[in-house]
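The following report looks at annotated spans, model confidence and helix packing in turn.

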Amino acid sequence: MTVELERPATRRMLGTETLLVLGLSLGQSAVYAMVSIIAKLTADGPLSKQTAALNTSASPRPWLDLTYQLLGIVFALLPVLLAVHLLARDPGDPARTLGLDARRPGQDLARGAGLAALIGLPGLALFWAAAQLGVNATLVPAALPEVWWTVPVLILAAVQNSVLEEVIVVGYLVTRLRQLRWRIVAIVATSALLRGSYHLYQGFGAFLGNVVMGVLFSLFYLRTRRVMPLVVAHTLLDIVAFVGYALLPKEWFDWL
């Protein structure tokens with residue numbers, strides 16, 4: 001007697017799966033970010049006088065701090081592996097489905113660098129405007145101690161952020177929502193608003209800037225079916241922000 005162990009995934013199953021993946025990753029971050037912005041808005045003093053710090057130290061002991069940093073990076077990537085694993089149930093190679101392979105390295109690097117330039121300069125202008133209007137918290141992109149591993153860890157953190165966000169919020173989410181037969185406008189809006197929401201802890205300027213970035217990245221993915229250029233672009237942007245803040249004079253960043 002043969003027992004059928006497989007059954008096709010229904011729309012309900014795919015919807016539940018998507019919610020679970022988001023709940024374990026950036027959907028969870030979005031909820032915490034919303035609580036954080038509410039806390040900032042209801043605290044004493046204006047939003048612009050409060051701080052949003054990234055890449056913070058986890059221990060005053062450097063080697064223990066390094067251990068915590070590396071563990072945080074590794075475990076933050078587990079939802080990406082989960083998403084790719086779940087996509088492996090679909091026909092075809094999930095890496096090719098997402099465009100997360102090395103078939104076109106030169107093209108991916110060129111497109112990624114172009115996207116980074118397209119987003120980077122207007123993004124700086126938007127952050128400056130948000131700071132002048134007082135709708136962002138004071139941003140500290142890197143708050144690690146000055147030790148030998150600071151720059152390598154910041155680069156790894158940039159790669160981790162990029163892979164996590166672009167694979168989950170663009171590649172996986174767009175793929176699943178298309179399978180759920182959502183309209184393109186709804187798919188792009190959902191992906192972009194999710195990206196903006198988990199940056200809300202930085203303020204409303206960061207929310208708006210990331211929504212715009214989310215729209216551009218989602219449309220790019222829908223057109224090319226490749227998430228790798230998005231990972232490249234995001235990595236470049238974060239490396240410039242994290243490492244630049246750590247190495248350059250702090251007075252250069254007073255406007256943040």
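## Annotated spans

Residues 148-239 are 84% helix and 0% strand, with their end C-alpha atoms 17 Å apart; helices here are DSSP runs of H or I with at least four residues, strands are runs of E with at least two, and both are numbered from the N terminus. In this predicted model, local features need pLDDT of at least 70 and side-chain atom pairs count only at pLDDT 80 or more, whereas totals for chains, interfaces and linings use all residues. Residues are numbered from 1 along each chain as its sequence is written, and side-chain values use heavy atoms, with hydrogens and water left out. An unreviewed UniProt entry annotates residues 148-239 as "domain: CAAX prenyl protease 2/Lysostaphin resistance protein A-like"; UniProt positions follow the numbering used here, feature names are shortened, and annotations may be inferred rather than shown by experiment.

UniProt (unreviewed entry) also lists residues 20-39, 66-88, 109-131, 204-222 and 229-248 under "transmembrane region". Of these, residues 204-222 are 100% helix and 0% strand, with end C-alpha atoms 27 Å apart, while residues 229-248 are 95% helix and 0% strand, their end C-alpha atoms lying 27 Å apart.

## Confidence

The protein chain has an average pLDDT (the predictor's confidence in each residue, from 0 to 100) of 93, and 96% of the residues score at least 70.

## Packing of H9 with H10

Helix H9 (residues 204-224) and helix H10 (residues 228-247) cross at roughly 150°, and their axes come within 10 Å; axes are lines fitted to C-alpha atoms, for helices over the stretch in contact, and angles run from 0 to 180 degrees between N-to-C directions. H9 is therefore roughly antiparallel to H10, given that angles under 35 degrees count as roughly parallel, over 145 as roughly antiparallel, 65 to 115 as roughly perpendicular and the rest as oblique. Met213, Phe217, Phe220 and Tyr221 of H9 make the contact with Pro229, Leu230, Ala233, His234 and Leu237 of H10. By class these residues are eight nonpolar, one polar and no charged, where Ala, Val, Leu, Ile, Met, Phe, Trp, Tyr, Cys and Pro count as nonpolar, Asp, Glu, Lys and Arg as charged, and the others, Gly among them, as polar.

## Two partners of H7

Helix H1 (residues 11-23) packs against helix H7 (residues 150-179) at an angle of about 165°, with the axes 10 Å apart, and the two are therefore roughly antiparallel. Leu14, Glu17, Thr18, Val21 and Leu22 in H1 meet Ile168, Tyr172, Leu173, Arg176 and Gln179 in H7; this contact has six nonpolar, two polar and two charged residues.

Helix H4 (residues 78-87) crosses H7 at roughly 25°, the axes coming within 9 Å, so H4 is roughly parallel to H7. Pro79, Val80, Ala83, Leu86 and Leu87 of H4 make this contact with H7 residues including Val163, Leu164 and Val167.

Definitions and conventions:
Contact means heavy atoms within 4.5 Å.
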